[in-house]
Amino acid sequence: MSVFFEMKPEKESFNEKVFLPFETSVELFVKREDVLHSEISGNKFRKLKYNLQEAKRLGFSKLVTFGGAYSNHIAAVAAAGKVFGFGTIGIIRGDELATKFLENETLKLAHENGMCFEFVSRTDYRNKTSETFIENLKLKFGDFYLIPEGGTNTLAVKGCEEILVNSDGEFNYICCAIGTGGTISGLINSAFNKQKILGFPALKESFLNEEIDLFTQRNNWKLIRDYHFGGYAKTSSELITFVEQFNEAQSFKIEPIYTGKMFYGLFDLIKNNYFEPNTKILAIHTGGLQGLNSKILQK
């Protein structure tokens with residue numbers, strides 16, 4: 001018999017003003033989605049909320065999902081499995097990680113939360129959505145509830161539509177970092193009239209427009225592609241310095257893989273007068289702070 005359950009946040013998110021170290025009439029605020037849950041971080045809580053509810057309703061006890069070495073989604077699914085009683089299996093891009101995953105803070109955390117890993121080559125990983133690939137997983141692991149890479153599907157977008165609340169209607173722009181496009185799709189759907197949604201991809205890509213179009217029917221959004229710093233989980237000394245200085249100056253922290261790139265971009269755009277005077281911006285903090293402990297910071 002299926003059992004209904006509801007994911008409830010440990011703490012409600014709230015908006016906080018961001019200190020800008022230069023003169024401007026633009027105001028920048030952050031929505032502290034990172035406080036929703038101590039283990040299921042930020043937007044991943046939103047993405048998993050209805051997916052886990054559906055998995056429980058259908059009677060599944062095991063979750064399978066996909067991700068790379070620095071995937072916040074992998075860490076969040078592992079934590080959710082531990083909290084809500086699911087077995088979890090992560091299909092990880094890069095078979096070279098099989099013998100050294102404990103050196104990676106994100107994979108180590110997922111492992112400690114009970115996730116089993118299946119490491120596959122990058123070539124095989126490209127076929128992860130094929131029927132053959134999925135059938136082979138079922139033969140190996142039995143029945144499971146499948147959650148896509150990054151958690152993005154219709155149920156995830158539904159959860160992300162709940163990020164904005166009525167009081168957020170005062171902002172002119174809503175901004176977020178992007179991996180697979182689920183969070184920005186939810187924001188696009190739930191944005192108030194006259195609001196513009198800006199997405200900051202954390203990776204070099206050419207697929208996001210098409211992915212977002214699958215879940216949205218509005219033209220109130222734009223992708224800012226100038227701040228990926230070379231690609232997924234790639235950084236520079238300039239970005240690392242920015243993140244370190246930001247974390248010293250603000251009352252909250254960011255990391256260099258997702259939120260750091262977004263805030264770097266926002267600071268740069270504000271300094272260069274991209275926004276009209278007196279604009280009010282709300283940036284979504286999507287969590288993932290285990291990225292602060294990553295070896296990427298020493299690169």
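## Aromatic pairs

Phe242 is buried, because its relative accessible area is 13% and buried means under 20% relative accessible area, exposed over 50% and partly exposed in between, with a 1.4 Å probe and protein chains only. Phe267, at 7% relative accessibility, likewise counts as buried. The model is predicted, with local features needing pLDDT of at least 70 and side-chain atom pairs counting only at pLDDT 80 or more, while totals for chains, interfaces and linings use all residues. Residues are numbered from 1 along each chain as its sequence is written, and side-chain values use heavy atoms, with hydrogens and water left out.

The structure holds 21 aromatic pairs, where rings of Phe, Tyr and Trp (its six-membered ring) pair if their centres lie within 6.5 Å, and planes under 30 degrees apart count as stacked, over 60 as edge-to-face and the rest as tilted. Phe66 is buried at 3% relative accessibility, and Tyr125 is buried with a relative accessible area of 3%.

Phe242 and Phe267 also form an edge-to-face pair, 5.3 Å centre to centre and with 85 degrees between the planes. This pair links distant parts of the chain, with Phe242 in helix α9 (residues 237–249) and Phe267 in helix α10, 25 residues apart. Both residues belong to one aromatic cluster, whose members include Phe22, Phe200, Tyr227 and Phe263.

## Charges over rings

The charged end of Lys56 sits over the ring of Phe86, 4.9 Å from its centre, the criterion being that NZ of Lys or CZ of Arg is within 6 Å of the ring centre and within 35 degrees of the ring normal. Lys280 lies over the face of Phe171, at 5.4 Å from the ring centre.

## The open sheet

Six strands make up an open sheet in the order β1-β2-β10-β7-β8-β9, with mixed pairing, two strands being paired if DSSP finds at least two bridges between them. β1 (15–17) and β9 (221–223) stand at the edges with a single partner strand each, so one side of each is left without a neighbour in the sheet. β1 pairs with strand β2 (residues 27–31) in the antiparallel sense over three bridges, and Lys17 stands opposite Phe29 in β2.

Definitions and conventions. Helices (H or I, at least four residues) and strands (E, at least two) are DSSP runs, numbered from the N terminus.
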